[in-house]
Amino acid sequence: MTGSATDAVVLVGGKGTRLRPLTLSAPKPMLPTAGLPFLTHLLARVKAAGIDHVVLGTSFKAEVFEEHFGDGSSLGLELEYVTETDPMGTGGGIRNVLPRLRADNVMVFNGDVLGGTDLRAVLDTHHSTEADVTLHLVRVGDPRAFGCVPTDADGRVTAFLEKTEDPPTDQINAGCYVFKREIIESIPSDRPVSVEREVFPNLLSEGKRVYGHVDTAYWRDMGTPEDFVRGSADLVRGIAPSPALEGARGESLVHPGAGVAPGAVLVGGTVVGRGAEVGAGARLDGAILFDGARVEAGAVVERSILGFGARIGPRALVRDAVIGDGANIGARCELLRGARVWPGVTLPDGGVRFSSDV
Ligand code: GDD
Ligand code: MG
């Protein structure tokens, strides 16, 4: 059956709340990641797997996707958009694109997953098990933030437990599914539906054939600042694969038109966006500078994201923090673990410190 036409659906309608304030101006799948909107990496993988027809299920900031990707021809795809005025949930979003689907089997993706899985192998599992639905599964250290999915000795799914405090296994839903079209037809169309909390548990209790495809390829959900920083750095360093990135990878990625002063140190998969500036002696380790961001002389930025046009003053320290678009962090300020500065906010020189030295 391999080689038969398959449609892809990518769910991109979430609000990306865990990545605020960056997601106040852009939807999560459009945030710059190693120089490209995140979704480009996923769409390039879909294309590389031989799938040409992709439907995006949009809602929050829906117009941004079409403005950027258009008809998909620049990626060699035929791209369509279906927008939920009010978010219909993950299951409702899949049901909502049904009129655009043409194939008997449909591959569905969460729009925020960075991975290296062999998608053809997932399709092969779906066909060889004659499954109604096949779920891509991975093992993680802490399954509580995900959908926990135990399977039996034949790989058949025995339960689906979304974000449970007491997971029976470290095997989780990786956010990629193959559905038989008739299963999508059976999802209610008149109300929000969660695929994780309603569709999968119901299919299991009805005795439908739900199978898991487990692998050990690179996998990361980019939904939190920590994961976004790690995933972006892994792309820059070549640890995470992406068919959308060409050429050598290394410790940093500096875009054309960015300025890096002599003596600045850029390591750990740092990205310096278009028109961004890095001052003399600044140290950037796993930093992500969106376009037009600026780090002044002697500042240190570690594992943090600086939004469009944000500025970090001289000798400031920013570590494990998110700085909103256009925010202005004064000289010698210290912003540490978990700090989030909202867009446009100005902190005066020395205005926030974790130590008493000046
Ligand atoms: N169209 C549409 N409509 N898309 C939605 C909606 C909606 O109402 N709600 C969420 N999405 C999209 C998001 O944009 C995202 O791409 C995807 O669905 C998953 O939503 P997240 O908010 O990122 O979910 P999660 O990370 O907490 O959990 C999901 O992903 C995990 C793997 O990364 C679940 O599927 C878990 O079971 C899974 O383990
Ligand atoms: Mg997610």
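The C-alpha centres of domain 1 and domain 2 lie 33 Å apart. Domain 1 spans 6–224 and domain 2 spans 251–347, with bounds from an automatic or database domain assignment. This is a predicted model, in which local features need pLDDT of at least 70, side-chain atom pairs count only at pLDDT 80 or more, and totals for chains, interfaces and linings use all residues. Residues are numbered from 1 along each chain as its sequence is written, chains are lettered from A and ligands numbered from 1 in the order written, and side-chain values use heavy atoms, without hydrogens or water.

Take the interface next. 11 residues of domain 1 contact 16 residues of domain 2 (heavy atoms within 4.5 Å). The two domains bury about 990 Å² between them, 70% of it on carbon and sulfur atoms. Buried area is the accessible area (1.4 Å probe) lost when two parts are put together, summed over both. In domain 1, Pro-21, Leu-22 and Pro-32 lose the most area to domain 2, together 49% of what that side buries.

Zero salt bridges are counted between the domains (Lys or Arg side-chain nitrogen within 4 Å of an Asp or Glu carboxyl oxygen).

Now the ligand. Ligand oxygen atoms lie 2.8 Å from a polar backbone atom of Leu-11, 3.2 Å from a polar side-chain atom of Lys-28 and 3.0 Å from a side-chain N or O atom of Asn-110. The protein covers 90% of the 740 Å² of accessible area that ligand 1 has on its own (Shrake-Rupley method, 1.4 Å probe).

Notes. A polar contact is a pair of N or O atoms within 3.5 Å; within protein, one must be able to donate a hydrogen and the other to accept it, and residues adjacent in sequence count only if both atoms are side-chain atoms.
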